[in-house]
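This briefing looks at a protein–DNA surface and at one residue elsewhere in the protein. Please read it beside the sequence and the model.

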Protein chains: 2
Amino acid sequence: MELTERKKQILKVVVEDYIHTAEPVGSKTIAAEMGGSVSSATIRNELADLVEMGYLEQPHTSAGRIPSPKGYRLYVNELMERQKLTIAETERINQALQMKMEELSRVISQAGRAVSSFVNYPAYVAAVGKKNLCASRFDLLSVDEYNCIVVMMMGDNRVKSQLLRLQLKVEAGQMADLVEQLNRHFTAIPADEMNRRLMEMAEEMSPQMFLLLSQTVSYAVDVLEESGRREIITAGTNQILKLPEFRDADKAHELMGFLADDKESLPVPDEGPMKILIGPENVSEALQDTSVVVASYDIGDDMRGLVGVVGPTRMDYAAVAARLTGFAEGLSRLFGKELPPKEDTQT
Amino acid sequence: MELTERKKQILKVVVEDYIHTAEPVGSKTIAAEMGGSVSSATIRNELADLVEMGYLEQPHTSAGRIPSPKGYRLYVNELMERQKLTIAETERINQALQMKMEELSRVISQAGRAVSSFVNYPAYVAAVGKKNLCASRFDLLSVDEYNCIVVMMMGDNRVKSQLLRLQLKVEAGQMADLVEQLNRHFTAIPADEMNRRLMEMAEEMSPQMFLLLSQTVSYAVDVLEESGRREIITAGTNQILKLPEFRDADKAHELMGFLADDKESLPVPDEGPMKILIGPENVSEALQDTSVVVASYDIGDDMRGLVGVVGPTRMDYAAVAARLTGFAEGLSRLFGKELPPKEDTQT
DNA sequence: GTTTAGCACTCCGGGAGATGGAGTGCTAAA
DNA sequence: TTTAGCACTCCATCTCCCGGAGTGCTAAAC
């Protein structure tokens with residue numbers, strides 16, 4: 001059977017109507033919405049074909065039709081009109097992203113909340129950390145004979161520091177030596193190599209020096225590993241409670257539990273700026289009845305962030321996609337401008 | 001009318017039964033639970049008295065009784081037996097708090113999740129930041145002629161640092177001078193005085209120096225203000241969906257919205273280690289039908305943290321109180337041991 | 001005076017029909 | 001190929017009904 005232009009039009013009407021009403025769409029409604037050029041009987045014939053082809057489903061005989069995942073997929077790929085944001089909306093997005101220099105993670109989570117309240121679905125955000133980040137420079141500032149401050153600059157120009165309580169007394173000369181060793185042997189290598197390097201050096205130096213060195217290195221490893229880890233933050237999970245498909249408390253609980261605990265398995269776009277996953281296209285068990293739209297944006301050189309939205313398969317793809325793009329662009333600009341040159345990420 | 005010992009016993013049975021079943025408790029059940037020493041008819045007489053006195057309520061004639069807020073209050077104050085945690089539970093709590101040195105906020109939020117999953121209610125946690133925190137030491141590390149690293153140590157021995165892009169070229173001599181100025185004039189004063197001090201110094205120095213100084217100071221102010229702000233984190237809000245009192249999606253949505261957006265207005269214990277607020281004792285509109293149990297613990301010298309739990313008025317106060325105490329002690333130990341002496345809070 | 005048995009009464013919750021509306025599928029005609 | 005017409009299906013809603021749980025009261029027993 002062929003998918004005629006009219007069939008596509010009908011599918012589009014069904015999808016868009018169902019998105020807004022969450023009720024099966026009947027032939028009469030469709031006929032009216034298509035301008036009355038054809039009768040409802042004709043529509044009915046077409047609908048039967050669309051069901052047979054797998055684009056629509058029927059909850060039961062004598063009910064209207066609802067789109068199947070395959071139907072949504074076709075809609076998203078071909079039928080959906082790319083929505084433009086109004087100037088006011090763009091304005092609002094940028095305003096929501098207007099924030100002072102703060103901890104990266106806080107900026108991210110605030111963005112998540114903004115996205116969620118914008119699209120009225122749960123949102124998730126993440127900064128995908130740089131893998132294999134290296135230290136680029138070490139400093140030690142003496143506080144007293146048992147305490148010093150480690151300062152470590154990393155490849156992405158972020159700086160981290162901490163007060164270190166030394167396990168033994170240390171003199172100025174040793175300190176300088178230590179810094180020298182650190183900068184010579186422990187810069188420009190990834191965290192997982194640091195421990196190996198440290199072991200190699202064990203024999204060549206005094207036990208005291210080694211102790212101090214290993215204390216510092218272990219701090220460096222911690223920090224680098226922490227920045228490599230990517231953390232996903234969810235926001236606005238309670239939005240789903242407004243949706244008719246989650247009236248059932250158990251269903252809502254399941255999804256919310258997933259969003260709270262298993263967020264690591266939320267989809268990340270592999271390439272391309274945007275990805276849409278519909279119902280069973282998701283791998284996670286808990287997302288089989290939901291759709292996910294996720295956009296990515298650039299942060300630093302080879303770092304990427306992402307903003308995503310989780311909703312029912314009946315989600316307003318066009319609106320969500322447009323807004324998500326707006327946010328991704330805004331965040332890209334925010335990080336592109338503020339982070340590298342002047343207000344670098346904070347310690 | 002007098003509140004006899006037997007009335008109290010009956011009240012206790014009603015509260016504890018209702019806590020576990022969420023169903024009105026009938027006279028027969030009570031009689032059975034009290035060992036059959038009195039008949040249900042006697043209990044009925046007593047129940048009528050308790051209703052009249054305001055300790056119990058009746059959803060409608062010919063239904064069992066449920067405790068009123070006043071009833072819960074009496075229960076919490078007098079009747080509740082202080083529960084002891086088993087060794088296994090204490091073990092589990094300490095295990096849940098076993099974490100590597102990480103960002104303070106992350107430790108806190110992880111603790112929140114642990115608490116929530118322990119008691120099966122939403123939890124909230126916060127570190128109440130030190131007000132009027134001051135810088136205790138500044139350092140500047142030159143990177144190149146346009147960039148340097150600011151390192152600031154604070155009164156609580158935490159260290160923060162950041163790469164600073166200078167607005168003009170700077171020489172080694174100036175840098176030393178700058179550090180000297182910073183350490184002389186901007187340590188041991190709170191953030192809100194820094195700007196004033198800066199203004200006073202404007203005239204006494206060259207415009208170039210002033211520019212550099214103000215850049216550094218503004219960083220310091222940002223950091224100090226940020227640490228003073230207290231942030232409350234909620235976890236496990238979806239737990240409420242399991243409770244029969246929140247089967248209604250609207251109710252659940254309202255409370256979850258509150259926990260997500262207005263968490264700042266969640267109660268903080270003013271003094272004493274633990275506080276219990278029952279139903280209308282809460283100020284927040286959204287908490288009128290819920291109870292809050294909150295415990296506090298010490299962090300540093302004059303810093304306090306808190307862990308709290310939000311649940312239905314029918315919450316298992318004894319169990320929650322015991323576990324919360326356990327967590328508070330664990331966190332107290334965690335911070336008391338790890339933070340000040342050795343693994344100080346991270347930059 | 002307090003406790004208990006007995007009994008009529010109330011109220012809720014849930015199941016069984018009954019009803020009507022929305023929508024379909026099919027047939028036959030245009 | 002499209003359309004009008006019609007019988008049919010299925011769901012949602014409403015009402016009604018009934019049983020069970022629990023009460024309040026009264027009168028007798030302790």
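Contact, as used here, means heavy atoms within 4.5 Å. The model is a predicted one, in which local features need pLDDT of at least 70 and side-chain atom pairs count only at pLDDT 80 or more, while totals for chains, interfaces and linings use all residues. Residues are numbered from 1 along each chain as its sequence is written, chains are lettered from A and ligands numbered from 1 in the order in which they are written, and side-chain values use heavy atoms, with hydrogens and water left out.

**The residue S284(B)**
- Leaving aside neighbours within four places in sequence, S284(B) is in contact with F258(B) and S265(B).
- S284(B) sits in the loop between β8 (274-278) and β9 (290-298) of chain B, where strands (E, at least two residues) and helices (H or I, at least four) are DSSP runs numbered from the N terminus.
- S284(B) counts as buried because its relative accessibility is 11%, buried being under 20% relative accessible area with a 1.4 Å probe and protein chains only.

**The surface near DNA strand C**
- DNA strand C is surrounded by 20 residues, the closest being S27(A), S39(B), T42(B), H60(B) and S62(B), and a residue is near the strand if one of its heavy atoms lies within 4 Å of it.
- Of the atoms of DNA strand C that come within 4 Å of the protein, 77% belong to sugar and phosphate.
- At least two residues of this surface come from each of α3 (40-53) of chain A and α3 (40-53) of chain B, and α3(B) gives the most, with four residues.

**Phosphate oxygens of DNA strand C**
- One phosphate oxygen is 2.7 Å from an N or O atom in the side chain of S27(A).
- A phosphate oxygen is 2.9 Å from a polar backbone atom of S39(B).

Terms used
Polar contact = N/O pair within 3.5 Å; in protein donor to acceptor, adjacent residues only side chain to side chain. Buried < 20%, exposed > 50% of the residue type's maximum accessible area, 1.4 Å probe, protein only.
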